[in-house]
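Hello,

Here is the structure I said I would pass on. My notes on it follow below the entry.

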Amino acid sequence: MKLLEERILKDGQVLGENILKVDSFLTHQVDYQLMKEIGKVFADHFKNAGITKVVTIEASGIAPAIYVAESLGLPMVFAKKAKNITMTEGILTAEVYSFTKQVTSQVSIASKFISQDDKVLIIDDFLANGQAAKGLIEIITQAGAKVAAVGIVVEKSFQDGRELLEKEGVNVVSLARLAAFENGQVVFTQADI
Ligand code: G4P
């Protein structure tokens, strides 16, 4: 997605070896006009895929996911990272290990929000090692639903998330794919759409 790549080049900051800071438009402050375009691009790509629901994980997946859901005219559900006192019945959970934070956390979705008739499009802001997406796939599978694809805003293609998901037979569709960071600059490889 050209508009996204241009924005990453303009406002993204490379931190250290492998982190791209995009807090001015995606992970902290959110540019809703860009999110709206992201929503349209994913929706156009998946409009004939029979998707019934968009699923993401809090926090930074929510902004792109809500615009994808709006564009497709479908509900959006986000997995929670902390149990909430109102989550009293039927909860589906998965363990997610973060290599970045080196902690395992339990993520959950109330079972009433995913049924075996659902065909789910997973949306997330970043794909690094693929652990968050893997946890979401586990939860969706527990519900007896199907995963249509994983849609990613920024994929760090030099990490092994895509490989892990594709090995499990999951289709990964990324709007921007970072091949490397060279001298503090982002180098892209061909994005999926
Ligand atoms: P994984 O889910 O692909 O395995 O990723 P990993 O454990 O490495 O990443 C943990 C968190 O760090 C995730 O957010 C992920 O989106 C984020 N992250 C990974 N690489 C980058 C990067 O280069 N830049 C930025 N900005 N974020 C990155 P999270 O902890 O779930 O945070 P949040 O969504 O609640 O903000």
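Ala59 lies in the loop between S3 and H3. The model is a predicted one, and in it the peptide bond that leads from Glu58 into Ala59 is cis, with omega near 0 degrees. Most peptide bonds are trans, and most residues other than glycine have a negative phi.

S3 (residues 53-57), helix H3 (residues 62-72) and S4 (residues 76-79) make a β-α-β unit, and the unit is right-handed. Its two strands pair in the parallel sense over four bridges. Within this pairing, Val55 has Val77 of S4 opposite it.

Gln102 is not a glycine, yet its phi is positive, at about 55 degrees. Gln102 sits in the loop between S5 and S6, and it counts as exposed because its relative accessibility of 60% is over the 50% cut-off. The strands around it, S5 (residues 91-98) and S6 (residues 103-110), run antiparallel and are joined by eight bridges. Thr93 stands opposite Ser108 of S6. Together S5 and S6 form a hairpin with four residues between them, and Gln102 is in the turn.

The second case is Asn183, where phi is near 50 degrees, again a positive value in a residue other than glycine. Asn183 is in the loop between S9 and S10. At 79% relative accessibility, Asn183 is also classed as exposed.

Which residues of H1 are buried? In this helix (residues 2-11) they are Leu4, Glu5, Arg7 and Ile8. Viewed down the axis of H1, the buried residues fall within an arc of 160 degrees, so they line one face of the helix. An α-helix has 3.6 residues a turn, so residues three or four places apart point the same way. On the face of H1 turned away from the buried side are the exposed residues Lys2, Leu9 and Lys10. The buried residues of H1 pack against strand S2 (19-21), helix H2 (32-46) and the strands S8 (146-156), S9 (172-182) and S10 (185-189).

Val154 is buried, with a relative accessible area of 0%. Beyond its neighbours within four places in sequence, Val154 is in contact with Ile8, Leu20, Leu26, Asp125, Phe126, Leu127, Ala176 and Leu178. Ile8 in that list is one of the buried residues of H1. Val154 and Arg177 are 23 residues apart in sequence, while their C-alpha atoms are 6.1 Å apart in space.

Val30 is in the loop between S2 and H2. It is partly exposed, because its relative accessible area of 36% falls between the 20% and 50% cut-offs. Leaving out residues up to four places away in sequence, Val30 touches Phe25, Met35 and Ala63. The C-alpha atoms of Val30 and Pro64 are 9.3 Å apart, and the two residues are 34 apart in sequence.

Arg162 belongs to helix H5 (residues 161-167). Is this arginine, Arg162, buried or exposed? Arg162 is buried, because its relative accessible area of 12% is under the 20% cut-off. The side chain of Arg162 makes a polar contact of 2.5 Å with the side chain of Asp192. Besides Asp192, Arg162 touches Leu127, Glu155, Val172, Ser174 and Arg177, not counting residues up to four places away in sequence.

Last, the ligand. The ligand is surrounded by 21 residues, the closest being Leu20, Lys81, Thr100, Lys101 and Gly130.

- an oxygen atom of the ligand, 2.9 Å from a polar backbone atom of Asn129;
- an oxygen atom of the ligand, 2.7 Å from a polar backbone atom of Gly130;
- a nitrogen atom of the ligand, 2.8 Å from an N or O atom in the side chain of Lys156.

Regards

Note on methods. Residues are numbered from 1 along each chain as its sequence is written. This is a predicted model: local features need pLDDT of at least 70, side-chain atom pairs count only at pLDDT 80 or more; totals for chains, interfaces and linings use all residues. Side-chain values use heavy atoms; hydrogens and water are left out. Buried means under 20% relative accessible area, exposed over 50%, partly exposed in between (1.4 Å probe, protein chains only). The arc is that of the directions from the helix axis to the C-beta atoms. Contact means heavy atoms within 4.5 Å. Two strands pair if DSSP finds at least two bridges between them. A crossover is right-handed if, with the strands pointing away from the viewer, the path from the first strand over the helix to the second runs clockwise. A residue is near a molecule or strand if one of its heavy atoms lies within 4 Å of it. A polar contact is a pair of N or O atoms within 3.5 Å; within protein, one must be able to donate a hydrogen and the other to accept it, and residues adjacent in sequence count only if both atoms are side-chain atoms.
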